[in-house]
Amino acid sequence: MGGGSESVDIEGQTVAFERRGDGPPLVLLHGAASDSRDWRRELDGLSDEFTVVAWDAPGCGHSFDPPDDYGLDGYADCLAAFVEALGLERPHVLGLSFGSGLALELFRRHRGLPRSLVLTSAYAGWLGSLGREVAEERRLWGFRAAEQPREEYVRELNETLFVDSVPAEVVEEMTEIAMDLHPAGLRAMANAFADADLRDVLPEIDVPTLVIHGDLDKRSPLPVGEDLHDRIPGSRLVVIPGVGHVVNLEAPERFNDEVRSFLRAAG
């Protein structure tokens, strides 16, 4: 099973992570049913200028399995304790998909912690961005997928993650990560995101915020990202053409360039 090469104890539970580089801290939050391997290109590409830390969220990689009712608040409080344990002072926080909702919940519950936010393929929670009916469909999908044969689950997932033109090696890379799924993690994340409506916190965000979205995203369609941008004061929207949900894997050079220039300006 892949995942972080270091670990830290958070309230008696193991949280694993990867850490590279030296400079202002940048914390990377992967999507559901993934782990820190999502960020190989960022760990390599941005660590010349930043201390890049990619965690394995609870229920992923080498981290502990949370209960089904852990909630987005549970993830956010664990993340805040993780940041404190590593001594990361006011880090930039970059999230992908579920990780973007976690970044928003972190801001809500620990407002002084993030220096800036980068929200990639983002949602204001499934409930907040997609509505109750779709949120409940995705909750049920998560619970069903947790019990499916891995190959079946991964095939269904990949159909919604990528555009048809994505290189085969990118799909293979994500498949390898997804095959290491923790059923407990997928259930906890599906529950947390199906219950999450983060729209109320968006107008309150007062740190520099970058929204990055692929224009062909099937899981979080572009209007979802545009709505987040419209609701977050002073935010910047970057739309990357021709890519789907996993922007950092499909357009890594453009993604890293946009992140680097934003973080430099954010200070």
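Tutor: Let us start with P114, which touches R90, P91, V93, L106, F107 and V207, not counting residues up to four places away in sequence; contact here means heavy atoms within 4.5 Å. This is a predicted model, in which local features need pLDDT of at least 70 and side-chain atom pairs count only at pLDDT 80 or more, while totals for chains, interfaces and linings use all residues. Residues are numbered from 1 along each chain as its sequence is written, and side-chain values use heavy atoms, with hydrogens and water left out.

Student: Why is P114 called buried?

Tutor: Buried means under 20% relative accessible area, exposed means over 50%, and partly exposed lies in between (1.4 Å probe, protein chains only). P114 has 0% relative accessibility, so it counts as buried. Its place is in the loop between α3 and β6, where helices (H or I, at least four residues) and strands (E, at least two) are DSSP runs, numbered from the N terminus.

Student: And what makes T120 buried?

Tutor: T120, found in strand β6 (residues 116-120), has a relative accessible area of 0% and is therefore buried. Leaving out residues up to four places away in sequence, its contacts are L94, G95, L96, S97, S100, I212, V247 and F255.

Student: Where is E11, and is E11 buried or exposed?

Tutor: E11 is found in the loop between β1 (6-10) and β2 (13-20), and its relative accessibility of 78% makes it count as exposed. Its phi is near 50°, a positive value in a residue other than glycine. Most residues other than glycine have a negative phi, which is why such a value deserves a comment.

Student: What is the phi of A33, and how do you know whether A33 is buried or exposed?

Tutor: A33 has a positive phi of about 55° although it is not a glycine, and its place is in the loop between β3 (25-29) and α1 (40-45). Its relative accessible area is 9%, so A33 is buried.

Student: Why are α2 and α3 described as they are, in terms of their angle?

Tutor: Two packed helices are described by the angle between their axes and the distance between the axes. Axes are lines fitted to C-alpha atoms, for helices over the stretch in contact, and angles run from 0 to 180 degrees between N-to-C directions. Angles under 35 degrees count as roughly parallel, over 145 as roughly antiparallel, 65 to 115 as roughly perpendicular and the rest as oblique. Helix α2 (residues 71-85) and helix α3 (residues 98-109) pack at an angle of about 75°, with their axes 9 Å apart, and α2 and α3 are therefore roughly perpendicular to each other.

Student: Which residues make that contact of α2 with α3, and how do they divide by class?

Tutor: L72, D73, Y75, A76, D77, L79 and A80 in α2 meet F98, G101, L102, E105, L106 and R109 in α3. By class, the contact has eight nonpolar, one polar and four charged residues; Ala, Val, Leu, Ile, Met, Phe, Trp, Tyr, Cys and Pro count as nonpolar, Asp, Glu, Lys and Arg as charged, and the others, Gly among them, as polar.

Student: Why is α8 said to be largely enclosed by the rest of the structure?

Tutor: Eleven of its twelve residues are buried, so α8 is largely enclosed by the rest of the structure. What covers these buried residues includes α2, α3, α4 (125-130), α5 and α6 (150-161). As for its span, α8 reaches 16 Å from its first C-alpha to its last, close to the 16 Å expected at 1.5 Å a residue, where the expected span of a helix is 1.5 Å times one less than its number of residues.

Student: Which residues touch the most other members of the largest nonpolar core?

Tutor: A nonpolar core is a set of buried Ala, Val, Leu, Ile, Met, Phe, Trp, Tyr and Cys residues joined through side-chain atoms within 4.5 Å. The largest has 53 residues, of which W55, Y75, L79, F82, L102 and L117 touch the most other members, and α2 gives the most to this core, with eight residues. Apart from it lies another core, of 40 residues, among them F50, V166, V243 and V247.
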